[in-house]
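I opened the model today and kept notes as I went. The entries follow the order in which I looked things up.

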Amino acid sequence: MMGPINSNWLFQSAMSSLQQSSATNGSGAANSQMPGMAGPGSFMMLLMAAMMENVQQMQTPMQQAPAANNLSFTTLASSSYNPAVANLTMQHKDVATSAADQSDLKFRPVQFLKLDGQLDGKLSGTAVHFIEAGKKYDIDPNLLSAIAVHETGNGSSRAANEKNNIAGMMGKNGLRSYESVADSIYDMARNLRQNYLNQGKESIAQIGAKYAPVGAANDPTGLNNHWTQGVSKFYTQLT
């Protein structure tokens, strides 16, 4: 591809040759050495015109290209987020908010950057899933996050790392295993909407009394004694 300097040189050289040809048109020697160069409609003139037209067409997009690269960047507001597509392998059914839910724990906008910065370990990079699950099931994303942070030691528990279980959800054979952390988040949100908030549980303490009952057979070390306090602390930090 010819640049602007090469194409100008070609044009100037061609015009110089044509002028020399025209100047010596009267002599038989010049005409015999450069046949077809004399008239403005000659073959060589047409050829040179076509070549120059092609060069100009190639240069046009090159000259305009920099304008297309004038990108502008803006800083995202702290309350905005990028709704990435969750890698969900389970089918999470819709559960509508019932009239029995009189709590103050319904979905509300959260500061994505603040939430994202608080999550660590296995919970790193999952803020968007807490927000999207909160939207789907009409639950404050900060509540979902606070429960997950407490249950997993902020993404460091064995259940989180080996089973992608970030909410202590139980199955027939003990702790459930999930294909992804996103699946676990959505399943926790569905469970809270269907079996807690829609059943009139209005506070973290009321949720905790059922979610992590003190003295439960599957809690031999008494961790459930700290559930309400721990979740409440993280919820306050996030909000």
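This is a predicted model: local features need pLDDT of at least 70, side-chain atom pairs count only at pLDDT 80 or more; totals for chains, interfaces and linings use all residues.

**Entry 1: Phe130**

Is Phe130 buried or exposed? I find a relative accessible area of 0%, under the 20% cut-off, so Phe130 is buried. Phe130 belongs to helix α5.

Next I listed its neighbours, leaving out residues up to four places away in sequence. Phe130 touches Leu115, Leu119, Leu123, Pro141, Leu144, Ser145, Ala148, Ile185 and Met188. I also checked one pair that lies 52 residues apart along the chain. The C-alpha atoms of Phe130 and Ala182 are separated by 8.2 Å.

**Entry 2: the core**

Which residues touch the most other members of the largest nonpolar core? I noted Phe130, Leu143, Ile166, Met188, Leu192, Ile207 and Tyr211. The core counts 41 residues.

**Entry 3: α8 against α9**

I turned to the pair α8 and α9. Their axes are 12 Å apart, and the packing angle is about 105 degrees. Angles of 65 to 115 degrees count as roughly perpendicular, so α8 and α9 are roughly perpendicular to each other.

Which residues make the contact? From α8 I wrote down Met188, Asn191, Leu192 and Asn195. From α9 I wrote down Ile207, Lys210 and Tyr211. I sorted the residues of this contact by type: four are nonpolar, two polar and one charged. Met188, Leu192, Ile207 and Tyr211 are also among the core residues that touch the most other members.

I looked at Asn142 next, in helix α6. Is Asn142 buried or exposed? Its relative accessible area is 6%, so Asn142 is buried. Beyond four places in sequence, Asn142 touches Val110, Leu115, Tyr235, Leu238 and Thr239. Asn142 and Phe234 are 92 residues apart in sequence. Their C-alpha atoms are 8.5 Å apart in space.

Leu238 was on that contact list, so I followed up on Leu238, which is buried at a relative accessible area of 8%. Leu238 sits in helix α10. Its contacts, again beyond four places in sequence, are Lys114, Leu115, Gln118, Asn142, Ser145 and Ala146. I also checked Leu238 against Gln111, 127 residues away in sequence. C-alpha to C-alpha, Leu238 and Gln111 are 8.9 Å apart.

Leu115 touches Phe130, Asn142 and Leu238. Ser145 touches Phe130 and Leu238.

**Entry 4: positive phi**

Most residues other than glycine have a negative phi. Where does Asp138 lie? I place Asp138 in the loop between α5 and α6. Its phi is positive, about 55 degrees, although Asp138 is not a glycine. Asp138 has 21% relative accessibility and therefore counts as partly exposed.

Asn154 lies in the loop between α6 and α7 (158–163). With a relative accessible area of 21%, Asn154 is partly exposed.

**Entry 5: the whole chain**

I stepped back to the overall fold. How many helices and strands does the protein have? I count ten helices and two strands. From the N terminus, the order of elements is α-α-α-α-α-α-α-β-β-α-α-α. The protein has 239 residues, and buried residues make up 36% of them. I also checked contacts between residues at least 6 apart in sequence. Of these, 64% join residues at least 24 apart.

**Entry 6: confidence**

I finished with pLDDT. The mean for the protein is 77, and 62% of its residues reach 70 or more. Which element has the highest mean pLDDT, and which the lowest? Helix α6 (residues 141–152) has the highest, 98. Helix α2 (residues 28–33) has the lowest, 42.

I marked two stretches. Over residues 21–38, pLDDT stays under 50, and the model has 13 contacts beyond four places in sequence for them. Over residues 60–85, pLDDT also stays under 50, with 17 such contacts in the model.

How values were computed. Residues are numbered from 1 along each chain as its sequence is written. Side-chain values use heavy atoms; hydrogens and water are left out. pLDDT is the predictor's confidence in each residue, from 0 to 100. Helices (H or I, at least four residues) and strands (E, at least two) are DSSP runs, numbered from the N terminus. Contact means heavy atoms within 4.5 Å. A nonpolar core is a set of buried Ala, Val, Leu, Ile, Met, Phe, Trp, Tyr and Cys residues joined through side-chain atoms within 4.5 Å. Buried means under 20% relative accessible area, exposed over 50%, partly exposed in between (1.4 Å probe, protein chains only). Axes are lines fitted to C-alpha atoms, for helices over the stretch in contact, and angles run from 0 to 180 degrees between N-to-C directions. Angles under 35 degrees count as roughly parallel, over 145 as roughly antiparallel, 65 to 115 as roughly perpendicular and the rest as oblique. Ala, Val, Leu, Ile, Met, Phe, Trp, Tyr, Cys and Pro count as nonpolar, Asp, Glu, Lys and Arg as charged, and the others, Gly among them, as polar.
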